[in-house]
Amino acid sequence: MRHFILSVIFITALHFHAAGQPLTWVKSPTLVKVSDTVWNVNFEISRATDVEVSIVNLKDSTILRHLAAGLLGSNPPPPLAANSLAQTINWNGKADYGRVHDVPQSMLGVRVRAGMKASFDNMVGNDPYTFRIAGSYANWWYHRGMVSDTDGFVYMYGSSTNSGGLTLRCFDKNGNYVRTVFPPPASLTSAEANGYGLNFLSTGGYSIQNGTTRATLRLSPTIIGGIYFTHNGDGIFAPSLMNIENNKDLCFLGDINKWMTISKDGSRSGNPTMVEFISSPALPATILPSTVKVGGNRFVALSPDGQNYYLSGLWGLKSGAAVDTGFWKDGQIYKVNKSTGATTSFISLTGVPTTSSARSAILGGSTSNYTAYSAMHGMTCDDSGRIFVCDRFNGRIGVYDTAGTYLGGIPLKYADQVSVVPKTGEIYAVTRNSTGSYTGFIKLYKFSGWRNSPTPVCSVLVTTDVDFYSSVAYLTVARGGSGTPVIWVSHLWMKDAARLYKDNGTSFTLLKGLSDGTKNFLCSFDRLSVDRKHDDVYINDASSALGKVTDWSNTAIIRCSTTAMKPLSVIDVAVSHDGQLYVQDKGDLGGPVRRYDMGRYHAPINWANTDSNIITGGWARWGAHAGVGGIGIAPDKKITTSTPNPAGGWFYGLLADSGRAAAKNLNGYYIPTDIIDTLAFVRLNTFTGSPKFDMDGNFYIGVSTRSKFHIRTKGFENDKAYGNSVGSIFKFSAGTIKGNAQTRGGCCSLDTLPELNSTGYEKIYLTGLAPFSSYEYCACRSPRFDVDNYKRLIVPNAITQKVTVVDNNGNEIMSFGEYGNYDSRGSGSNIPLAWPTGSVASDNFIYVTDFGNSRLVRVKMDYELENIHLPIVSAMRTPSIGKMSLKTSPNPFNPACKLSIDMPSLTTAKLVVFSADGRLIKTIANSILQKGNHTFTWNGTNNAGESVSAGLYIFRFTADGKTINTKSLLTK
């Protein structure tokens, strides 16, 4: 029978204490052995909340058996009893997965934790200087502008991740990061952020609305608002940063004719709808091949009087060729009235070629990329109102007066952008040309003036990394402050986000590349998995790179490499239940799955009866936008894979490593012969992702389907992205999966999986899993949820910026996350996120891919109550701890003192420091202590790591219900 499980906290018929009351033990946990095969765990708490029960090895505090977890009340997951705050749970004496253990009875304990809370622990991620990843095909259209203000600050706008959202960042003129302007700061008031469009939350705060069209979601899966518009015309894929007005407002032109401004502090008040840039004549609205459409790159300059915009780079295209007649023909500078949007042709060239061969010969590029170049490119105005235009058709920088009369020019072939320095009149320009993939150049030139066809004062080759796509070379001269101006040059395909040059008068010196010194190799933080035994986290950027974090005290991301020191090039990653690394190789359409060990350098692990660590052929396209949907590994090492294909999601049922038959070679890949319907798939008629198995072999998969019972998060009722990108999680019981299914509690043998509309699934968790792709609104990735060792589900929702923890019956235990941009740093319960697309959990931490901010966030699971109790064998009494002692030395002390504790027997103990007036200063120890002497050191700091003042301090040691106090004096 199917069960629809709502992701809401249930209402219980019991009379529980109010949730605001302190949570206490009514009966402390006990572990009692009642027979050779049965132990009982007993406890009772004071009010309904979530509990977590495990059997621990007291010797090293590791968990031997994850017994139970869930929300007490009317619908807790088994083995928790319903409608009771008192619980008795049977344990069969075995470890996880039904394994026999060799831990002595004296070393067994029960740990019960209750009242889960989330607190920020740490984060690791990209630094802002990487900005966007040069050379990544998936985001080549995401470098969309660079401007500077009169104070010397430079604003760069483009993609911060692979197929990720657009980011606007501010740097000082020397290339030092200052702040992120967009996505906007979390500190804005609702009035200051209203221009982005807001969702007002039940907590009283707000979040910024997500994209409202297919194009915006496809291109920009972060906090989107009105800034993200696009168009299907050639060369126009995202809004462009045009200029800065009044030294205050950053101006954007999107969707060919959509205009908006953002203040330099990231605020945007008013209506979230972008205004029309051109009101008349109307721009062509059609993109049919037989009619005129508008393409090319766009360049906008404001006239010195602030009354008009000059617009270049736009040109008409019809049936695959440029048009040479009509208002939108190539080779024009348009004059746009700033107030009315009325547009006229200001400068018009004649004779501009229309065919691909003729255009490439004159304007640059090859015949296959002629749409990347228009006859007129970048332009600027000087203080006198003269217009300087990059005229590629005539091979010059043309100079015009306010009436459009040609005054003269600077001979310069393939000019892309130009800048004039006020007062001095010095002119800087960049040229760009490419004839194919990575065959071209960008050069920087300086001229002392424009009259009499001057020759360059100096020039420098900036880069030869130029591809044939329609991405211009950006140029800005950063002035302001002390020292000489710094010339910034940027282009999508450069290895640096920008290159900064010093003008020596007659030569240029490269000061730095904006990405110099960065160690980043991940172009996004997307797919992740965790080795729960060691809390090592693996991150894949959905492009090719795989990294891991193994030391959270020194949060460096290590690139995963083989024992041959070759970096792993993968598009998906998973860690199995027994701690082995599974990856899918990168390939044009995806590569095979391989298996490695978990060493510092990963050694291949061969599959049974083969001489290879390859298990499958390739499937699923690489990349974040149409890529693989996850690798699921059952406890018995059988695997399943998923891909969010637009034709309907599917997952494969594969057998692996069974050892029952020799492998055979199929198209170069080793495939076990016991696969049922080799490489056949089972399709769900929707998008799927993140296949998971719990420790009992139950199977879970995310789908973009939602039931009519689903309740939207408060505040997101009208958010279109929520309505089109949020899905659910389906659970298939190990006892009901078709094929060689085993009974519940055993590890399933996965041969085939049932259709979604069959009777195969057990539960649907309506938790708001997102973002999913859909036919009309494409979020372009599948979210990654997790099922922890207690069978709790850890569910990210990129739309609401939340991660939710639910028990196995769908009861919500807690949620965390609030909107924050790159500059937001967490502390306590404040956990800033922007588009969390994945989450995994170990026993003590939750790890979240903060995709919008290009980082990984570690969240600690705290609890209101926690108790570890020793076993009572055959209901015997708890042994008395006997005499114990606590000594401090020296006394007085500065800066630290040692505390010596003598323990007559093993028990749970706690050592804390109080001030003389009774304030808790620091918890030094709270754990199981063995029999014998133990020494601790207190360095005179509190729980926040801050040094405390001189004075008298009280040390309190508690064990087995007994308490010892002693005092010591801290001097300064």
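First, the ground rules. Residues are numbered from 1 along each chain as its sequence is written. Since this is a predicted model, local features need pLDDT of at least 70 and side-chain atom pairs count only at pLDDT 80 or more, while totals for chains, interfaces and linings use all residues; side-chain values use heavy atoms, with hydrogens and water left out.

I start with a sheet. Six strands form an open sheet in the order S5-S4-S7-S62-S61-S60, and the pairing is antiparallel. Strands here are DSSP runs of E with at least two residues, numbered from the N terminus, and two of them pair if DSSP finds at least two bridges between them. At the edges stand S5 (62-71) and S60 (836-841), each with a single partner strand, so one side of each has no neighbour in the sheet. On average, neighbouring strands of this sheet are turned by 30 degrees against each other, direction ignored, taking axes as lines fitted to C-alpha atoms. Within the sheet, S7 (residues 108-125) and S62 (residues 855-869) run antiparallel and are joined by 14 bridges. One of the pairs is Met 116 with Tyr 863 in S62.

Next, a hairpin. Strand S14 (residues 240-245) has 6 of its 6 residues buried, where buried means under 20% relative accessible area, exposed over 50%, and partly exposed in between, with a 1.4 Å probe and protein chains only. S14 runs antiparallel to S15 (residues 249-254), with 5 bridges between them. Asn 243 has Cys 251 in S15 as its bridge partner. There are 3 residues between the strands of this hairpin, and Asn 246 takes a positive phi near 55 degrees.

Now the charges. Side chains of opposite charge can pair when their charged atoms come close. How many salt bridges does the structure hold? The number is 25, counting a side-chain nitrogen of Lys or Arg within 4 Å of a carboxyl oxygen of Asp or Glu.

Asp 391 and Arg 396 meet at 3.3 Å, N to O. Asp 391 is buried at 1% relative accessibility, and Arg 396 is buried at 19%.

Asp 585 and Arg 594 form another salt bridge, with the closest N and O atoms 2.5 Å apart. Here Arg 594 is partly exposed at 22%, whereas Asp 585 is buried at 15%. There is also a network: Glu 52, Arg 111, Arg 113, Asp 788 and Arg 792 are joined by salt bridges that share partners.

Asp 572 and Arg 784 make a salt bridge at 3.1 Å, N to O. Asp 572 lies in S41 and Arg 784 in the loop between S53 (763-769) and S54 (786-787), so the pair ties together parts 212 residues apart in sequence. Asp 572 is buried at 0%, and Arg 784 is buried at 6%.

Definitions and conventions
Helices (H or I, at least four residues) and strands (E, at least two) are DSSP runs, numbered from the N terminus. Axes are lines fitted to C-alpha atoms, for helices over the stretch in contact, and angles run from 0 to 180 degrees between N-to-C directions.
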